[in-house]
Amino acid sequence: MQSADQARKVLLRVTETWARAFNSGNPKDLAALYTESAYFSSPKTALLTGRQAIEQHFHALIKTGWKVTIGIHNVQALDTEVIIGVGEYTLTGSRRRQAEQILGNWGLTAVGKAAQIAMHISNGPAIRGENRSADSFPPQHSATRSSSYERPY
């Protein structure tokens, strides 16, 4: 079994790579982080199965101009090749969505020596926009949580 520190480092690497690929507009590199038969679920999509479907979903988000920041809450190594983690994300809009942010939580399971994502769940997004008070949303990044990627490209 991996130590908690080793598992955290692996998951930080995966989420940093994920954020870089998303923010640089590269859905192919993003999709390469997933296993061929990975699952992705969010309130905005049906259950997506497979790297190609996941790539298409993120391509659509990327092309609308969203940028992401990701924070990690908790990481656990289940054995030498399975890591689970949970955290939060903030999508920040651009162009016509410049004043919007989507806040939510994620959970994923990474498997294998390369720690590819086998299951990714995104849930509970709240939309912060021009007519919404920032005080009505929970903070997304705090000093008690590690952030894998604090600034969008």
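Modeller: Fine. Ala 115 has a relative accessible area of 6%, so Ala 115 counts as buried, the cut-off being under 20%. Keep in mind that this is a predicted model.

Colleague: Where is Ala 115 in the fold?

Modeller: Ala 115 sits in the loop between β5 and β6.

Colleague: And what is the phi of Ala 115?

Modeller: The phi of Ala 115 is positive, about 50 degrees, although Ala 115 is not a glycine.

Colleague: OK, zooming out. How many helices and strands does the protein have?

Modeller: There are three helices and seven strands. Starting from the N terminus, the order of the elements is α-α-β-β-α-β-β-β-β-β.

Colleague: What share of the residues is buried?

Modeller: Of the 153 residues, 42% count as buried. As for the surface, the accessible area of the protein is about 8300 Å², and 52% of that belongs to carbon and sulfur atoms.

Colleague: Which residues in the largest nonpolar core touch the most other members?

Modeller: Those are Trp 18, Phe 22, Tyr 34, Phe 58 and Val 68, in a core of 32 residues. The elements that give two or more residues to this core are α1 (4-23), β1 (34-42), α3 (51-63), β3 (67-79), β4 (82-92) and β5 (101-111).

Colleague: Which of them gives the most?

Modeller: That is α1, with eight residues.

Colleague: Let's look at Phe 58. What does Phe 58 touch, leaving out residues up to four places away in sequence?

Modeller: Phe 58 touches Trp 18, Phe 22, Leu 30, Tyr 34, Phe 40 and His 120.

Colleague: Several of those have rings. How many aromatic pairs are there?

Modeller: The count comes to five aromatic pairs. In one of them, the rings of Trp 18 and Phe 58 have centres 5.2 Å apart and planes at 90 degrees, so this pair is edge-to-face. Trp 18 is in helix α1 and Phe 58 in helix α3, so the pair ties together parts that are 40 residues apart in sequence.

Colleague: Are Trp 18 and Phe 58 buried or exposed?

Modeller: Trp 18 counts as buried at 9% relative accessibility, and Phe 58 is buried at 4%.

Colleague: What about the rings of Phe 22 and Phe 58?

Modeller: Their centres are 6.4 Å apart and their planes are at 85 degrees, so that pair is edge-to-face. Phe 22 lies in helix α1 and Phe 58 in helix α3, so here the parts tied together are 36 residues apart in sequence.

Colleague: Which residues end up in a cluster through ring pairs?

Modeller: Trp 18, Phe 22, Tyr 34, Phe 40 and Phe 58 are linked that way.

Colleague: Change of topic. How many salt bridges are there?

Modeller: Four. Side chains of opposite charge can pair when their charged atoms come close. One of the bridges joins Lys 9 and Asp 5, whose closest N and O atoms are 3.4 Å apart. Both residues are in helix α1, four residues apart, which is about one turn of the helix.

Colleague: Which salt bridge links distant parts of the chain?

Modeller: Take Glu 55 and Lys 28, whose side chains meet at 3.2 Å, N to O. Glu 55 is in helix α3 and Lys 28 in helix α2 (residues 27-31), 27 residues apart. Glu 55 is buried, with a relative accessible area of 19%, whereas Lys 28 counts as exposed at 58%.

Colleague: And what does Lys 113 pair with?

Modeller: Lys 113 forms a salt bridge with Glu 81, at 3.8 Å, N to O. Glu 81 is in the loop between β3 and β4 and Lys 113 in the loop between β5 and β6, so the pair ties together parts that are 32 residues apart in sequence. The loop of Lys 113 is where Ala 115 has its place too. Lys 113 is exposed, with a relative accessible area of 73%.

Colleague: One more: which residues make the nonpolar surface patch of about 370 Å²?

Modeller: Tyr 39, Leu 47, Met 119 and Ile 121 make that patch. Tyr 39 is in strand β1 and counts as partly exposed at 39% relative accessibility.

Notes: Residues numbered from 1 in each chain as written. Predicted model: local features only at pLDDT ≥ 70, side-chain atom pairs only at ≥ 80, totals over all residues. Heavy atoms only, no water. Core = buried A, V, L, I, M, F, W, Y, C linked by side-chain atoms within 4.5 Å. Buried < 20%, exposed > 50% of the residue type's maximum accessible area, 1.4 Å probe, protein only. Contact = heavy atoms within 4.5 Å. Phe/Tyr/Trp six-rings, centres within 6.5 Å; stacked < 30°, edge-to-face > 60°. Patch = residues over 30% accessible without salt bridge, like charges linked within 9 Å, V, L, I, M, F, W, Y side chains within 5 Å. Areas by Shrake-Rupley, 256 points an atom, 1.4 Å probe, with all protein chains shown as cover.
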